Amino acid sequence: MNFRFTDSTGGKSAGAFHSRNLASHVGDDPASVELNRRLLSEEIGRPIQFMNQVHGNIVEVIDEYTQIPLTADALVTTNPNIALAVMVADCIPLLLTNQGSIAAVHVGRKGLLNGVTKSALSVMSDIAPSTITAIIGPSICGTCYEVSDDVYEEVTSAFPRSKSQTKHGGLALDLAAALSYELESNGVRVLDRTGCTVEDRSLFSYRRDGVTGRQVGLIWL
């Protein structure tokens, strides 16, 4: 198993998308996005399967690469000749692996609540019943993710470990802490590769910039 988390550098996009934007839905020049994706694919030596992410809980199992992005928030494969990608700009890029299968999962606030992670774990366990390892990549941190009272109550009532606060004492959510606890509670070994997308200027952040690109978490066998 191999994995990688990209940042915003080293690509061909310009302006607000400077420079390795890998998302085609954010208003960037399509030719620049396609070139960025092709160069990244060449770097890792295999095609990269992207998703049309919608903050849902659909898990798609794929056998072969397709140029048509699948509408889903988790991809699973056993094919060693393709890589799976999850695009983020504050949400959590979650990568999963066990003996023979891999997954890329998009986990934001809605994904945490709708159980997309548990769905992906279930699919992987059905394919290959073995210990799963998770790699949690950079996302908005618990200090920067300030939320309203109702959102705070909705999430923390279901995931108490998500409780956090801003530097000024405002209500905030630590989604990575909640996700890590959920994974470990389900017997998953967790590798922490977190960092804050808002604080790290080399990463795209929707919360910080509004109009911005997307970096990806990549995994392949």
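A salt bridge is a side-chain nitrogen of Lys or Arg within 4 Å of a carboxyl oxygen of Asp or Glu. Keep that cut-off at hand as you work through this predicted model.

**Exercise 1.** Find out which residue R4 pairs with, and where in the chain the two partners sit.

*Solution.* 
Step 1: R4 forms a salt bridge with E43, with 2.8 Å between the closest N and O atoms.
Step 2: R4 belongs to strand β1 (residues 2–5), while E43 belongs to helix α1 (residues 30–44). The two are 39 residues apart, so this pair links distant parts of the chain.
Step 3: R4 is partly exposed at 26%, and E43 is partly exposed at 44%.
Step 4: Now look for shared partners: salt bridges join R4, R20 and E43 into one network. By the rule, the count of salt bridges comes to five.

**Exercise 2.** Work out the strand order of the six-stranded open sheet and say which strands stand at its edges.

*Solution.* 
Step 1: The order is β4-β6-β9-β8-β10-β13, and the pairing is mixed.
Step 2: β4 (59–62) and β13 (189–192) each have a single partner strand, so one side of each is left without a neighbour in the sheet. These two are the edge strands.
Step 3: Neighbouring strands are turned by 20 degrees against each other on average, direction ignored.
Step 4: Zoom in on one pair. β4 and β6 (residues 74–77) pair in the parallel sense over four bridges, and the bridge partner of I62 in β6 is T77.

**Exercise 3.** Identify the strands that helices α3 and α5 lie across.

*Solution.* 
Step 1: Helix α3 (residues 116–127) lies across β4, β6, β8 (92–97) and β9 (102–107). Its direction is at about 170 degrees to β9.
Step 2: Helix α5 (residues 175–185) lies across β8, β9, β10 (133–136) and β13, running at about 20 degrees to β8.

Key:
Residues numbered from 1 in each chain as written. Predicted model: local features only at pLDDT ≥ 70, side-chain atom pairs only at ≥ 80, totals over all residues. Heavy atoms only, no water. Pairing = 2+ DSSP bridges. Axes fitted to C-alpha atoms, helices over the stretch in contact; angles between N-to-C directions. Contact = heavy atoms within 4.5 Å. Buried < 20%, exposed > 50% of the residue type's maximum accessible area, 1.4 Å probe, protein only.
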